[in-house]
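Work through the exercises below with the model open. Each one gives a task and then a solution in steps.

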Amino acid sequence: MLIRNFQVWCGMFLLLFMLTASTVTQAGTVMLGVKGWYAQWDSAFDKAIAESFVQGLNDANPGDNWSSTAKPGSGFLAGPMLGYLTDDKDWSFSAAFMVLSSFKTSTDWEESTTPLAITTKTEMNRKDVDISISRVLNEYFKVYAGYKYITAKYKTELSGSPWFEVEMKNSIPTAGIAVATSIAEGLVAGVQGGVMYVMPEYKFEGEKVKTKDSVGLNIEPNLSYLATDNFMLQVGVRYQIYSVKFDDPANGWTGSKNDQFLGLTLAGIYLF
């Protein structure tokens, strides 16, 4: 059974990082930096909530004809990152702790038989932890495996007053391949893509919502520029998509909803 507690995974990675670094005396490269995303988040749970509420309203009042449109939210993620590259450059370890964030979204609600229209506002605080290990295959290719842990809290307001709160915890093992090539002195272009195994956990007003595990995809083209001997800039685009399978018909949560995350990334990294 996979461990779902990200503190344990972070601790395991940091221990591995220190052990690896300590076994290579005066060798290898340590990387410390900061990374940020500006992203659009099309939340699966936002769409599931809207569908569930619309169904409940229409079931309670058969003459009504409610509909809803959950709009993607936008915001940012930022935090520290660290890594280690072995002296032979065959192995690398990395971790990014995106612990600063703010996202905002909205949902429109309409009842077609009346002029009634409502817009609810949602604030989402999300945290992403990404841990990975990679192995170079040849001059251009490498493979990687890792673990992603995502948490989020939603707070939705109706007419300026609190309406409901949601908690999300997703445990996501990942694996994939990366390609990179030098296109100019100090400038490297690359792209990495992989699969994700998603184990979602959601709570609505403290009550667990039943879901099933699913798979997803991740792709990230990027450019890396070595500005000086010990400072590198990275810019890229990251796209993630997976389907959340809701399996809680007793509470009105059914069907699959896509969760999509698209963002511009920027990182500054010091090399030691």
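**Exercise 1: the cavity**

With three residues, α2 gives the most to the lining of the largest cavity. The model is a predicted one.

Solution. 
1. Two or more residues of the lining come from each of α2 (44–60), β5 (100–111) and β6.
2. The volume of the largest cavity is about 70 Å³.
3. Its lining consists of Asp46, Ile49, Ala50, Thr107, Trp109, Thr120, Thr122, Thr156 and Phe164.
4. Sorted by class, the lining has four nonpolar, four polar and one charged residues.

**Exercise 2: the pocket**

Task: Find which element gives the most to the lining of the second largest pocket.

Solution. 
1. The second largest pocket holds about 200 Å³ of space.
2. Its lining has 11 residues, and Thr151, Ala152, Lys153, Met168 and Lys169 lie nearest the centre.
3. At least two lining residues come from each of β6, β7 and β8.
4. β7 gives the most, with four residues.
5. By class, the lining has four nonpolar, two polar and five charged residues.

**Exercise 3: the surface patch**

Task: Decide whether tyrosine 140 is buried, partly exposed or exposed.

Solution. 
1. Tyr140 belongs to a nonpolar surface patch of about 620 Å², together with Leu137, Phe141, Val143, Ile177, Val179, Val191 and Ile219.
2. β7 (141–158) and β8 (161–184) are the elements that give two or more residues to this patch.
3. Tyrosine 140 sits in the loop between β6 (117–136) and β7.
4. Tyrosine 140 has 40% relative accessibility, so it counts as partly exposed.

Note on methods: Residues are numbered from 1 along each chain as its sequence is written. This is a predicted model: local features need pLDDT of at least 70, side-chain atom pairs count only at pLDDT 80 or more; totals for chains, interfaces and linings use all residues. Side-chain values use heavy atoms; hydrogens and water are left out. Patches are made of residues with over 30% relative accessible area and no salt bridge: like charges are joined within 9 Å, nonpolar side chains (Val, Leu, Ile, Met, Phe, Trp, Tyr) within 5 Å. Accessible areas come from the Shrake-Rupley method with a 1.4 Å probe; for residues, only the protein chains shown count as cover. A salt bridge is a side-chain nitrogen of Lys or Arg within 4 Å of a carboxyl oxygen of Asp or Glu. Buried means under 20% relative accessible area, exposed over 50%, partly exposed in between (1.4 Å probe, protein chains only). On a 1 Å grid over the protein atoms alone, a cavity is a set of points where a 1.4 Å probe fits but cannot get out, and a pocket is an open set with protein on both sides within 12 Å along at least five of seven lines; lining residues have an atom within 4 Å of a point. Grid points are joined across faces, edges and corners, and a volume is the space filled by probe spheres set on the points. Ala, Val, Leu, Ile, Met, Phe, Trp, Tyr, Cys and Pro count as nonpolar, Asp, Glu, Lys and Arg as charged, and the others, Gly among them, as polar.
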